[in-house]
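Dear colleague,

Please find the structure below, together with its sequence.

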Amino acid sequence: MSIISREARKYEDSSFFHVIVQGINKEYIFKEEIFKNKYLEHINKFSKELNINIIAYCIMDNHAHILIMSKDIVNLSKFMQKTNSMYAKYYNYLKERVGYVFKDRFLSEPIDNKRYFIKCIKYIHLNPVKAKIVTNIRDYKYSSYNYYLKKENIEKNKLLKELLTNEDYKELCDCRECNKKFLDIEQERNIEENIKYGIQEYIKIKKYKIYQIFISRKILKELIRYLKIEHKIKYTETQKFFEIKRGTMEGLKTYK
């Protein structure tokens with residue numbers, strides 16, 4: 001089932017991603033309100049700059065969930081890179097520290113049908129209740145739940161108005177626990193999924209065809225380096241995924 005309802009066909013070429021960022025070593029990088037506000041400020045700024053639609057969000061103390069709509073996976077990566085790098089500079093400055101602020105780049109999962117789309121929004125909004133920070137979902141300031149609660153906001157939001165039916169809206173306002181499982185901070189994409197995601201991202205950025213990876217030694221080497229630098233994929237993991245012989249892999253690591 002397509003995520004796009006009949007009322008929103010013009011968005012059918014878009015992609016929806018549930019994104020999670022987490023503090024390095026599970027540090028509470030958003031604990032104070034000033035930091036939550038600053039991260040939201042960066043989200044708003046760079047989403048507008050890169051034509052990214054923020055469907056839902058929740059900023060917790062040591063991680064954040066964002067549901068994003070983007071027509072271009074490259075823009076998604078740029079958005080997260082800019083948002084996180086600018087926030088990291090701000091955080092390090094105020095905390096008088098140096099080094100990484102976020103664990104890895106970010107985790108993401110595609111949301112590819114309407115049912116999971118609705119459930120994902122609800123799951124994101126329920127995070128503070130699940131973490132026992134609040135008992136009433138309305139009491140948490142740093143999520144988009146209260147925005148959804150005002151029907152006039154949905155009526156004014158052209159995208160949400162076209163994506164959501166009245167039944168969808170009723171479900172989103174329901175405070176009961178979501179029984180669907182989504183990517184969480186305690187989970188990791190397995191290595192194979194991470195490599196596949198990195199390959200998809202790389203060929204989109206470079207505008208390559210997938211078959212070119214297998215016929216061009218230069219492109220394969222570039223991809224291996226990209227996976228290592230951008231996705232923290234070890235050479236041994238890439239070697240196993242592509243079934244590359246050890247000697248050949250050593251050559252690719254040094255090939256110019």
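**Pockets, sheet and helix packing**

The largest pocket has a lining of 17 residues, and those nearest its centre are Y100, F102, D104, R105 and K232. This is a predicted model, in which local features need pLDDT of at least 70 and side-chain atom pairs count only at pLDDT 80 or more, while totals for chains, interfaces and linings use all residues. Residues are numbered from 1 along each chain as its sequence is written, and side-chain values use heavy atoms, with hydrogens and water left out.

A pocket here is an open set of points on a 1 Å grid over the protein atoms alone, where a 1.4 Å probe fits and protein lies on both sides within 12 Å along at least five of seven lines; lining residues have an atom within 4 Å of a point. The volume of the largest pocket is about 440 Å³, a volume being the space filled by probe spheres set on the points, which are joined across faces, edges and corners. Both α2 (73-95) and α11 (217-231) supply at least two residues of this lining, and α2 gives the largest share, six residues. Helices (H or I, at least four residues) and strands (E, at least two) are DSSP runs, numbered from the N terminus. By class, the lining of the largest pocket holds eight nonpolar, five polar and four charged residues. Ala, Val, Leu, Ile, Met, Phe, Trp, Tyr, Cys and Pro count as nonpolar, Asp, Glu, Lys and Arg as charged, and the others, Gly among them, as polar.

The second largest pocket contains about 370 Å³ of space. Of its 17 lining residues, N44, I54, I55, Y147 and N157 lie nearest the centre. The lining of this second pocket divides into 11 nonpolar, five polar and one charged.

Turning to the sheet, four strands form an open sheet in the order β2-β3-β1-β4, with antiparallel pairing (strands pair if DSSP finds at least two bridges between them). Its edge strands, β2 and β4 (107-110), each pair on one side only. Six bridges join β2 to β3 (residues 63-70); I59 has A64, in β3, as its bridge partner.

Finally, helices α3 (residues 114-125) and α8 (residues 166-173) pack at an angle of about 30 degrees, with their axes 9 Å apart. Axes are lines fitted to C-alpha atoms, for helices over the stretch in contact, and angles run from 0 to 180 degrees between N-to-C directions. The two helices, α3 and α8, are therefore roughly parallel to each other (angles under 35 degrees).

Yours sincerely

Conventions
Parallel < 35°, antiparallel > 145°, perpendicular 65-115°, else oblique.
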